[in-house]
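Below are some notes for someone opening this model for the first time. Please read them alongside the sequence and the coordinates.

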Amino acid sequence: MNYSLLSLEILVTLLGVTVLLADLWIPASARKLLGYAAATGAGVLLTYAIGSGAPADGTAFGGMFVVDALSNYFKGFFLLAALVVLLLTVDLSDTIKGYAEYCALILFATVGMLFAASANDFVLMFVALELITVTFFVLVSYDRTRSGSLEAGVKYLIMGALASAFMVFGIALIFGSAGTTNFYEIAAHQAELGKSPVFLIGLALTLVGLGFKVAAVPFQMWAPDVYQGAPPLTTAFLATGSKAAGFALLMRVAFSAVPEITAHWSRLILVIGVLTLLYGSLCAIPQRSVKRLMGYSSIANAGYLLLGMAAVSLSGSTAVLTYLGGYIFTVLAGFAVIAVISSRAGSDDVSVFAGLGQRSPILATGLTVSVVSLAGIPPMAGFFGKFLLLKAVANHAGTERFFLVALLAACVGVVISLYYYFNVIRSMFWPKSVPDLTPIAVGGATRLALVLSIVGVFYIGILPNSLVTGARQAAAGLAPQSAVAGHAAAASAPAAAHH
Amino acid sequence: MDAHAAQHAVAASSAFSSRPEDLAWFILLLPLIAAAGIAFGVRRSPFLSSTLSISATVTAFILSVALFLAFGLGGYASSPSPFSWIHVGSLNVDLGLAVDRLSVLMLVIVTGVSALVQIYSTAYLHGDPGLSRYFGSISLFTFSMLGIVLADNLVMMFVFWELVGVSSYLLIGFWFEKPSAADAAKKAFLTNRLGDFGFLLGILVVWSATGSVSFTEIGNALGGNPTALGGLASIAGLLIFCGAMGKSAQFPLHVWLPDAMEGPTPVSALIHAATMVAAGVYMLCRSYVLFQAPGAWPAHLWFLGDITALDIIAIIGGFTALLAALIAFQQDDIKRILAYSTLSQLGYMVMAVGCGGPDAAMYHLTTHAGFKALLFLGAGAVIHACHHEQDIWKMGGLWHRLPVTFRTFAIGTAALAGVPILTSGFYSKDAILVAALDGGHPVLFGLGVLVAAFTPFYMLRLVIVAFFGKPRTDAARHAHEAPMAMTWPLIALAIPSIAVAWFGLGDFLSAHFNPHFHAHEGGGLFGPFNHAPLAAVFGTGSLIFGVTAAFGIYWGATTDPLPERLGLLSRAMRNRFYFDEVYEAIFVPMHDMVGRLAAAVDRWVVSGLGIRGAHGSVELAGRALRLLQTGNLQTYTFLFAAGVAVVVFVATK
């Protein structure tokens with residue numbers, strides 16, 4: 001077996017273990033070094049992964065593990081998210097009890113995400129997901145002395161266990177009816193399997209589990225509570241890495257394993273997408289907690305992404321991938337600021353952000369860029385992603401009324417989101433009461449993380465071509481070899497495939 | 001994707017080493033880097049800010065000269081490797097730079113004048129608390145202006161066009177605590193936006209007709225099929241011209257330029273003499289190929305018949321030239337005289353384009369940039385010396401108190417007046433008169449000659465009243481010469497005012513617009529008298545007339561004798577022919593009425609029914625949905641399981 005295919009996974013694991021072990025010998029006063037080391041390691045691996053080190057396409061573990069354009073696309077972003085989050089931990093290391101373990105857990109969760117990007121089998125998918133979810137149970141409740149954090153941890157644990165239970169049940173049904181759990185092999189027989197109710201129930205239950213991961217309606221209930229209760233950096237990683245991993249798997253199952261069934265379910269995905277985005281947008285309005293607001297915003301964004309998937313087309317998948325790329329930069333920029341402010345003020349109420357423009361221009365810039373990008377305003381990354389998504393949906397709006405309704409709903413959602421996103425900006429620059437105006441010192445590592453994210457947001461917004469090209473290659477590589485013809489047919493005429 | 005990007009970067013960097021014309025990218029980006037450096041780095045130190053800004057601009061100037069020598073004189077045209085920016089449907093916009101005779105010449109002008117103005121400003125604005133902001137804005141302005149110059153497509157040009165509008169807003173309103181400056185900045189911005197609206201429409205028309213926004217491709221499309229623009233040919237041309245009308249302050253959008261004199265004087269020299277106002281003329285020359293297409297009007301505008309867009313442009317230009325010259329007769333503020341003179345010269349240039357002489361227009365633009373910047377900076381030195389007194393009747397006798405300023409100002413005046421053989425202004429003005437004559441516009445030629453007589457008259461009025469006679473106030477009595485940082489930019493600008501015509505610039509430009517152009521036999525300094533004696537003789541005659549009249553009326557005068565002799569006409573000139581008043585009388589009430597109507601609609605329909613209604617219902621929905629989010633885990637698990645049931649049911653249905 002070609003172990004070089006797993007080089008990234010192995011190296012990140014080693015990095016995590018090294019951080020854990022190094023903590024035994026490094027004095028407590030120097031623990032910042034661990035954070036720097038972990039971040040540097042992630043940075044080196046990131047450059048390695050997107051540079052010459054990207055392994056060539058291939059499969060390992062008897063086809064369970066696949067390396068292709070899609071897995072490489074996602075792995076770059078997972079490592080990036082890990083890098084930025086680790087950088088952000090450095091300046092907050094004094095406030096995190098068990099700092100080395102926190103860094104190591106983030107790295108282990110990253111390993112889970114890397115495996116998720118390459119999973120080509122329901123079993124490996126489940127294992128990767130559990131690695132992510134279990135690590136996050138710990139990360140969410142890391143702030144042990146704060147009841148909010150523990151409450152979030154318990155909620156995430158129970159809801160996660162519930163989702164995992166459904167998923168494992170679903171996988172069992174799939175295996176029972178198909179006799180295999182490999183995506184390519186299932187794809188080869190999907191015509192017969194599509195007629196088997198057992199298989200369809202199994203598939204639906206698996207998708208329920210993934211729907212939980214990405215916080216799609218009706219499996220979104222945990223998100224606001226957990227986003228609000230968890231330590232801010234955990235939330236940042238949850239909103240970027242974990243969510244993207246969910247979408248990586250969702251796309252692989254939908255378009256690699258069962259493209260024809262996905263085309264049948266296009267309307268279902270569309271309806272879920274519309275409900276998700278409207279739910280997220282509407283509930284965000286009355287929020288005063290910025291972290292909770294980001295939770296709802298994360299739900300709304302999952303809705304937009306599902307619309308792109310429902311289009312079942314190359315342009316739809318490309319849009320989803322592009323949107324995710326820009327979304328990761330955007331959310332990281334926002335959470336960098338939220339982490340600094342909320343750990344300082346002990347609260348994440350909108351009012352503690354008042355006067356930020358004067359207190360720290362770079363923090364105000366970061367949050368403004370993030371929020372404006374989330375609202376989908378050019379020249380930020382969020383605009384281009386949303387534009388491509390809506391365009392992919394609009395391509396079908398002429399022939400299918402469902403898509404037209406979805407398009408209108410998405411536009412309504414965008415307008416509503418402007419309202420609550422700009423509420424944040426308003427309280428930042430035009431506060432109602434005279435706020436505390438003491439300047440906030442921002443550490444070097446945080447500054448670096450912020451600049452990295454802000455530059456990313458602008459780069460993707462202004463020169464999106466390289467990202468779109470990469471996303472298109474990744475999306476085009478999704479179709480399994482044996483089912484290329486079927487996928488192409490489904491992609492070109494999803495409407496015709498409906499009953 | 002990133003490997004791809006890396007390859008691209010490698011390709012780009014190797015391109016830099018092998019293609020010297022890619023220097024243009026550096027020239028463009030240097031001022032932007034300076035502006036960013038000031039905004040994010042050295043803002044707190046005025047000294048560092050000015051040093052950064054000046055060194056970036058001077059480097060850009062040196063690179064521009066190198067580019068000019070490398071490509072301009074070789075007559076070689078090329079376009080540095082573009083990279084694609086927007087690909088949406090059928091709209092493809094590449095970020096590409098046009099490096100040819102036209103743009104390298106403009107690069108030298110813009111960076112050169114900008115560098116001198118910045119050096120001058122260090123002394124003129126010494127101690128001003130906003131100095132860093134000033135240099136940041138001026139770097140941003142230089143970047144935007146270079147962008148217009150180098151843009152190889154209409155969309156890119158429009159983006160930089162707007163950036164010039166924004167940065168000039170910042171510069172005109174530099175002393176924003178003065179209400180007049182803030183108002184002037186707003187007026188300039190809004191008037192320009194009015195023109196830009198037309199420009200944008202024009203771009204859309206051209207794009208829809210030719211399918212491209214790149215100058216080269218539009219040229220090719222029109223070359224292959226001259227009637228590609230169909231019935232919209234003339235309309236497209238006029239819409240594009242609207243943009244030029246705003247930036248180059250042509251009648252009836254000329255009102256912003258004199259008010260913009262509220263900005264610091266060096267800004268007036270940069271923006272309102274050499275660069276921003278030249279952008280309109282430059283844009284007309286850059287897109288001249290659009291105007292060469294045979295004119296055509298939509299069917300219901302049949303009555304316009306054979307009149308082409310160029311004819312209308314020429315008439316507007318000529319009218320602006322005359323109108324502004326007349327207004328300049330009776331202005332007392334030294335900067336306003338120069339402002340109206342600028343308007344008048346811009347009218348000249350636009351008229352030249354309209355008469356089919358873009359080369360003449362560019363020629364005059366080049367020479368005018370030099371001597372008008374000189375005049376403005378000279379005026380700045382005078383104002384500086386007289387403790388911010390701008391009324392020429394409160395000066396007098398300055399010639400021996402400000403020797404360097406006086407001599408350089410006199411050279412600038414001679415160039416503007418068009419003294420034959422000695423000054424550059426003569427040759428470029430002559431080129432315009434020849435263009436009018438050759439283009440078959442005898443009336444405009446006559447108008448040009450008239451303006452050529454008016455120009456020396458009002459300029460000498462300014463020189464005689466301000467520099468000669470007895471000092472009329474204490475400020476003038478105690479005036480003393482400006483510091484070195486201000487005088488030597490004056491000297492540096494005086495050189496091209498005399499010398500620029502000696503190097504065959506006219507032929508250089510003519511060859512750009514007409515590849516088959518051959519320089520005239522027997523050119524040289526007396527060229528104009530040899531091959532177009534009529535224009536040269538009329539030009540010289542009008543100069544002599546203007547000079548004589550000015551000396552006759554103003555030599556030794558302590559008050560202006562013109563109001564008595566001209567009566568009502570003088571009052572009209574003094575009050576700028578009441579344009580501002582008329583605009584105020586017509587547009588302000590109309591504006592108010594529309595505003596009130598819009599406010600009512602906004603308050604009752606949009607805000608009441610629309611926003612409040614929508615906001616209320618959305619907010620209600622949000623609050624209602626929040627009830628679902630109880631925070632109770634049992635509720636969550638129940639809803640989750642119910643959701644699973646629904647999904648499984650729908651999925652297997």
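1. Two residues are in contact if their C-beta atoms, placed from the backbone, lie within 7 Å. By that rule V208(A) touches A163(A), F166(A), M167(A) and F219(A), and also V644(B) and V647(B), leaving aside residues up to four places away in sequence.

2. This is a predicted model, in which local features need pLDDT of at least 70, side-chain atom pairs count only at pLDDT 80 or more, and totals for chains, interfaces and linings use all residues. Residues are numbered from 1 along each chain as its sequence is written, while chains are lettered from A and ligands numbered from 1 in the order in which they are written.

3. pLDDT is the predictor's confidence in each residue, from 0 to 100. Chain A has a mean of 88, with 94% of its residues at 70 or more. Residues 480–499 of chain A stay under 50, and the model has 36 contacts for them beyond four places in sequence. Where pLDDT is low, the predicted coordinates should not be read in detail.

4. Chain B has 28 helices and two strands (DSSP runs numbered from the N terminus: H or I of at least four residues for helices, E of at least two for strands). Of its 653 residues, 51% are buried, that is, 20 or more other C-beta atoms lie within 10 Å of the residue's own C-beta, placed from the backbone. Among contacts in chain B between residues at least 6 apart in sequence, 80% join residues at least 24 apart.

5. How far apart are the end C-alpha atoms of helix α2 of chain B? They are 26 Å apart, which agrees with the 28 Å that its 20 residues (23–42) should span at 1.5 Å a residue; the expected span is 1.5 Å times one less than the number of residues. A kink of about 30 degrees lies at L29(B), shortly before the proline P31(B); the bend is the angle between axes fitted to the seven residues ending there and the seven starting there. Buried residues of α2(B) include L23(B), I27(B), L30(B), A34(B) and I38(B).

6. Where the chains meet, 27 residues of chain B are in contact with 33 residues of chain A. On the chain B side, the elements giving two or more residues are α1 (2–18), α27 (579–628) and α28 (633–652). The largest share, twelve residues, comes from α28(B).

Terms used:
A residue is buried if 20 or more other C-beta atoms lie within 10 Å of its own, exposed if 12 or fewer, and partly exposed in between; C-beta atoms are placed from the backbone.
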